[in-house]
Amino acid sequence: MTIQLTERMKAWIEGLGCHLCTAPEGIPNVVVAPLARVVGPARVAFPHSSDNFKTLYPKGFQKSWVSFGVSHLGSVRAPYQFKGVAEILYEGSLFLDLIKEHENQLGIAASVVLLVNVREVYCTKPGYLAGQRLDVLGYDGMCALEKSLGWIDVPSSFR
Amino acid sequence: MKFSPAMKRALTVPKDGGCVVYLATTSLDGKPNMVPMRYVASFAEDKVLLADMFLLKTKANLKENPNCIVAIAYPIDADRGRWWAFRGMAVVMEYDMDPGYDWYGSKAGEVLEKWGRWEEKEPPLEVPPDIVYGVAVQRGVVVLHVTDAYSLRLGETGREVLER
């Protein structure tokens, strides 16, 4: 099934950055990626400094699952967990744009861009929706669910 | 290994000045799962406790693979920074377990006695009404035995931060 992230999902991902988790060896690794850009219907790009990338992939990059959720969440305002498979970019216009943006915004050089192709979206709101897989609802279904639950807020930078 | 006083302050529920954390687990074949948790506490000198409420994949993962991470999610900038990830092995201590069950020095009986009815002990008063759940159903307590901790701060990610 083709996934298209909702506008609210995109706003939270780009507005606050994300915590990312990999586990190619069956042992989890977590980092914070302050800069995130949605570059396709379900593709999210994360530029990484070398220390971040080494923590995420201690034995070097392996094509494996990545899980990520929005950072700086005080009370689960963006109750989403995204899972996908990553590829890495070392060149190209997207790579160059994001490397530059990372350095300009954060003052730290990035060396690689992790591109996650989202294949699954889950709800992490406590209660009956916890663990509900959302992408199976389709784009319209996800938008309708957000609306029905009153999930209309986005980070202040997007208002 | 032991937590610093600042870490102990961070590892409490948000209404008491603590943090929302991410609990990251993984299946044995390497598919990670990461969920936000509000009920968090430190215990002894090297344990992080989390309430087993609404856990599905997390619990399935822990039953086949105890390796996990608790990472501070919010507020990560409080004090002089709470850019920490705590790594170790966890078990879910569930009701009806042998009270003498021991996980790296922590007994199930003691943990469940103190944190088995966590919502009554530390109700989610700070959580907005549109977000808080209706009924809490706690099935146990996740006990993480921390073996190492590292920084999440950009530029020094991965650097060990736990006192030895």
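Of the 164 residues of chain B, 55% count as buried, where buried means under 20% relative accessible area, exposed over 50% and partly exposed in between (1.4 Å probe, protein chains only). In chain A, buried residues make up 57% of the 159 residues. This is a predicted model, in which local features need pLDDT of at least 70 and side-chain atom pairs count only at pLDDT 80 or more, while totals for chains, interfaces and linings use all residues. Residues are numbered from 1 along each chain as its sequence is written, chains are lettered from A and ligands numbered from 1 in the order in which they are written, and side-chain values use heavy atoms, with hydrogens and water left out.

**Architecture of chain B**

- Chain B contains 4 helices and 9 strands; helices (H or I, at least four residues) and strands (E, at least two) are DSSP runs, numbered from the N terminus.
- Along the sequence, the elements of chain B come in the order α-β-β-β-β-α-β-β-β-β-α-α-β.
- The radius of gyration of chain B is 15 Å, close to the 15 Å that the globule rule gives for 164 residues, so chain B is as compact as a globular protein of that length. This radius is taken over C-alpha atoms, and the globule rule is 2.2 Å times the number of residues to the power 0.38.
- Taken along the principal axes, the C-alpha atoms of chain B fill a box of roughly 45 × 35 × 30 Å.
- Among contacts in chain B between residues at least 6 apart in sequence, 65% join residues at least 24 apart; contact means heavy atoms within 4.5 Å.

**Architecture of chain A**

- Chain A has 4 helices and 7 strands, arranged along the sequence as α-β-β-β-β-α-β-β-α-β-α.
- A compact globule of 159 residues would have a radius of gyration near 15 Å, and the 15 Å of chain A agrees with this.
- The C-alpha trace of chain A spans about 40 × 35 × 30 Å along its principal axes.
- For chain A, 67% of the contacts with a separation of 6 or more are between residues 24 or more positions apart.

**Surface and charge**

- Chain B has an accessible surface of about 6,900 Å², of which 53% belongs to carbon and sulfur atoms. Accessible areas come from the Shrake-Rupley method with a 1.4 Å probe, and for residues only the protein chains shown count as cover.
- The accessible surface of chain A is about 6,500 Å², with 53% belonging to carbon and sulfur atoms.
- Chain B carries 21 positive and 23 negative side chains, and the centres of the two sets lie 3 Å apart. Lys and Arg count as positive and Asp and Glu as negative, whereas His and the chain ends are not counted; the place of a charge is NZ of Lys, CZ of Arg, CG of Asp or CD of Glu.
- Chain A carries 15 positive and 14 negative side chains, with the centres of the two sets 5 Å apart.

- In helix α3 (residues 108-115) of chain B, the residues B:A108, B:V111, B:L112 and B:W115 are buried. They cover an arc of only 90° around the axis, which puts them on the same side of α3(B); the arc is that of the directions from the helix axis to the C-beta atoms.
- The cover over the buried residues of α3(B) includes β3 (40-43), β4 (47-53), β6 (84-94) and β9 (138-151) of chain B, among others.
- In helix α2 (residues 57-64) of chain B, the buried residues are B:T58, B:K59, B:N61 and B:L62. Down the axis of α2(B), these residues fall within an arc of 160°, so they line one face of the helix.
- Elements packing against the buried residues of α2(B) include β1 (20-26), β2 (32-37) and β5 (67-74) of chain B.

**Individual residues in loops of chain B**

- B:D130 is in the loop between α4 and β9 of chain B and is partly exposed, with a relative accessible area of 35%.
- Apart from its neighbours within four places in sequence, B:D130 is in contact with A:R77 and A:K125.
- B:P75 lies in the loop between β5 and β6 of chain B, and a cis peptide bond with omega of about -10° joins B:Y74 and B:P75.
- B:A44, in the loop between β3 and β4 of chain B, has a phi near 55°, a positive value in a residue other than glycine. At 44% relative accessibility, B:A44 counts as partly exposed.
- B:Y104 is in the loop between β7 (102-103) and β8 of chain B, and has a positive phi of about 50° although it is not a glycine. The relative accessible area of B:Y104 is 43%, and the residue is partly exposed.
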